[in-house]
Amino acid sequence: MARPRNQSARREALIEAAGRAISERGLAGLRIKDIAAEAGVSAGSVLYYYPELDDLVFEVHRDAVERYAHGRSTATDGIADPAERLRTAVESGLPAGPDDPTHRLLYELHSLADRSSAHAALMGSLFAREVALYTMILELGRATGDFTLTEAVGDTARNLVALEDGYGLHIDSRNTAVDRATALRLILGHARAVTGCPRI
């Protein structure tokens with residue numbers, strides 16, 4: 001029984017190492033030896049667990065989506081005030097800066113969606129989970145009377161996700177016209193307008 005657990009731990013370590021390599025170097029020209037160096041193992045060890053690099057990259061994408069979505073849910077769980085909860089959700093959806101490793105990794109991996117239905121499905125699943133997070137918060141605010149929505153809940157939720165994705169990409173791309181503080185101010189301003197809640 002010890003062997004499967006050990007193999008599982010080694011696979012997880014390789015997934016984490018590959019994620020760091022992709023975040024730091026990008027997908028273009030990613031090599032097995034880059035991942036091996038990041039993990040502190042031989043290239044042969046990487047190939048033993050993942051004979052195909054594409055399979056490892058897919059596992060990195062799946063892991064990144066799960067960690068990110070879970071982190072966003074955890075950040076907002078337990079916040080009773082809908083306005084504070086919405087603000088926290090927006091904050092959790094933007095990169096800390098152009099070198100944010102989590103967002104950089106996700107943007108790199110999402111670029112595979114146009115060439116792979118499996119990666120496209122992962123990207124779509126993350127979008128759906130983020131929309132569901134905002135939908136829940138918006139419905140809570142409407143139920144408590146804190147929000148007076150100007151559009152359908154689903155449309156408002158999708159727009160919030162799209163705004164943070166768009167601004168996040170500019171932050172990651174080092175667009176000097178858009179930093180985190182600016183993006184946060186603009187998205188929260190939109191959130192106040194569509195919810196009628198000045199406390200956001």
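The structure is a predicted model, in which local features need pLDDT of at least 70 and side-chain atom pairs count only at pLDDT 80 or more, while totals for chains, interfaces and linings use all residues. Residues are numbered from 1 along each chain as its sequence is written, and side-chain values use heavy atoms, with hydrogens and water left out.

The secondary structure of the chain consists of nine helices and zero strands, where helices (H or I, at least four residues) and strands (E, at least two) are DSSP runs numbered from the N terminus. Taken along the principal axes, the box filled by the C-alpha atoms comes to roughly 60 × 45 × 25 Å. Of the 200 residues in the chain, 42% are buried; here buried means under 20% relative accessible area, exposed means over 50%, and partly exposed lies in between, with a 1.4 Å probe and protein chains only. Among the contacts with a separation of 6 or more, 68% join residues 24 or more positions apart, a contact being heavy atoms within 4.5 Å.

In soluble globular proteins, nonpolar side chains tend to be buried together. A nonpolar core is defined as a set of buried Ala, Val, Leu, Ile, Met, Phe, Trp, Tyr and Cys residues joined through side-chain atoms within 4.5 Å. The largest such core has 26 residues, and the members that touch the most others are Leu56, Val60 and Leu109. At least two residues of this core come from each of helix 1 (2-25), helix 2 (32-39), helix 3 (43-49), helix 4 (53-76), helix 6 (101-110) and helix 7 (117-144), and helix 4 gives the largest share, with seven residues. When residues up to four places away in sequence are not counted, Val60 touches Ile15, Ala18, Gly19, Ile22, Leu105 and Leu109. A second, separate core holds 25 residues, including Leu149, Ile187, Ala191 and Cys197.

One aromatic pair is present in the structure; rings of Phe, Tyr and Trp (its six-membered ring) pair if their centres lie within 6.5 Å, and planes under 30 degrees apart count as stacked, over 60 as edge-to-face and the rest as tilted. The pair is edge-to-face, because the rings of Tyr48 and Tyr49 have their planes at 85°, with centres 4.9 Å apart. Tyr49 has a relative accessibility of 10% and therefore counts as buried. Arg11 lies over the face of Tyr50, at 5.2 Å from the ring centre, the criterion being that NZ of Lys or CZ of Arg is within 6 Å of the ring centre and within 35 degrees of the ring normal.

Rolling a probe the size of a water molecule over the atoms shows where empty space is left. On a 1 Å grid over the protein atoms alone, a cavity is a set of points where a 1.4 Å probe fits but cannot get out, whereas a pocket is an open set with protein on both sides within 12 Å along at least five of seven lines, and lining residues have an atom within 4 Å of a point. Grid points are joined across faces, edges and corners, and a volume is the space filled by probe spheres set on the points. The largest pocket holds about 280 Å³ of space, and of its 14 lining residues, Gly19, Arg67, Pro101, Thr102 and Leu105 lie nearest its centre. Helix 1 contributes the most to this lining, with six residues. The structure also holds one cavity of 30 Å³ or more, and the largest cavity is lined by Ala69, Arg72, Ser73, Arg129, Glu130 and Leu133.

Helix 5 (residues 82-92) is mostly covered, with eight of its 11 residues buried, and what covers these buried residues includes helix 4, helix 6, helix 7, helix 8 and helix 9. Within helix 5, Thr88 is buried at a relative accessible area of 16%. Ile79, in the loop between helix 4 and helix 5, counts as buried at 13% relative accessibility; leaving aside neighbours within four places in sequence, Ile79 is in contact with Glu84, Arg85 and Thr88.

Arg174 lies in the loop between helix 8 (153-172) and helix 9 (180-195). The phi of Arg174 is near 65°, a positive value in a residue other than glycine, and at 46% relative accessibility Arg174 counts as partly exposed.
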